[in-house]
Amino acid sequence: MNRHLTDEQFTDLLLGLDDGTATAHLNACEHCRQEMARVEETMGMLREASMDWSRQRVAEMPTPQPGFFERLGLSFRPAAGMAMAAVLALAVAVPFLIRDTDAPERASVQHMSPVPTAEQIAADNELMSAINQEIAQPAAQHEAAFAGESGKARTTKR
């Protein structure tokens with residue numbers, strides 16, 4: 001085997017996509033085995049450098065300051081916050097939902113008329129007397145009075 005592995009075949013080997021021909025060549029060719037060892041060593045150094053960089057970045061990150069609830073010794077989680085919001089919403093909404101719909105009618109203030117004066121009482125008594133007299137008249141008189149009024153109304157309209 002004079003021919004060596006291509007970059008694509010090395011990539012397939014590293015990704016585990018080889019169909020077996022590159023692996024067979026790698027077992028037989030010392031030059032390709034050394035090249036594969038160098039690539040694996042480079043990949044290992046890259047992996048180690050990236051992990052070191054990541055650890056350093058995490059170490060440099062500022063430590064979060066405890067919040068209000070943590071300083072009080074309470075842990076505040078999103079679920080607890082949502083539960084507190086739901087309780088607050090219920091506390092506000094329930095009084096409006098369970099209020100008695102008839103309450104405004106019962107709670108309305110009864111307006112009482114002012115105490116009548118002596119003149120008002122006298123005027124009311126005169127009106128009641130006039131009504132009683134009209135009621136006491138016989139029906140014939142009512143009809144005659146009505147006919148007389150309607151005749152006057154007809155003549156005044158013309």
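Trainee: How many helices and strands are in the protein chain?

Mentor: There are 8 helices and 0 strands in the protein chain. Helices (H or I, at least four residues) and strands (E, at least two) are DSSP runs, numbered from the N terminus. This is a predicted model, where local features need pLDDT of at least 70, side-chain atom pairs count only at pLDDT 80 or more, and totals for chains, interfaces and linings use all residues. Residues are numbered from 1 along each chain as its sequence is written, and side-chain values use heavy atoms, with hydrogens and water left out.

Trainee: What share of the chain counts as buried?

Mentor: Of the 158 residues, 6% count as buried. Buried means under 20% relative accessible area, exposed over 50%, and partly exposed in between, with a 1.4 Å probe and protein chains only.

Trainee: OK, helix H2. Which of its residues are buried?

Mentor: H2 covers residues 21-28, and Ala 22, His 25 and Leu 26 are buried there. Down the axis of H2 these buried residues fall within an arc of 100 degrees, so they line one face of the helix. The arc is taken from the directions from the helix axis to the C-beta atoms.

Trainee: And what is on the other side of H2?

Mentor: Asn 27 and Ala 28, both exposed.

Trainee: What covers the buried residues of H2?

Mentor: The cover includes helix H1 (7-15) and helix H3 (30-60).

Trainee: At what angle do H2 and H3 pack?

Mentor: About 105 degrees, with their axes 6 Å apart. Axes are lines fitted to C-alpha atoms, for helices over the stretch in contact, and angles run from 0 to 180 degrees between N-to-C directions. H2 and H3 are therefore roughly perpendicular to each other, a label for angles of 65 to 115 degrees.

Trainee: Which residues make that contact?

Mentor: His 25, Leu 26, Asn 27 and Ala 28 from H2, and Glu 30, Cys 32, Arg 33 and Met 36 from H3. Contact means heavy atoms within 4.5 Å.

Trainee: Switching topic: which residues make up the largest nonpolar core?

Mentor: It has 8 residues: Leu 5, Phe 10, Leu 13, Ala 22, Leu 26, Cys 29, Cys 32 and Met 36. Such a core is a set of buried Ala, Val, Leu, Ile, Met, Phe, Trp, Tyr and Cys residues joined through side-chain atoms within 4.5 Å. H1, H2 and H3 each give two or more residues to this core.

Trainee: Is Met 36 buried or exposed?

Mentor: Met 36, in helix H3, is buried, with a relative accessible area of 7%. Leaving aside neighbours within four places in sequence, Met 36 is in contact with Phe 10, Leu 13, Leu 14 and Leu 26.

Note on methods:
Angles under 35 degrees count as roughly parallel, over 145 as roughly antiparallel, 65 to 115 as roughly perpendicular and the rest as oblique.
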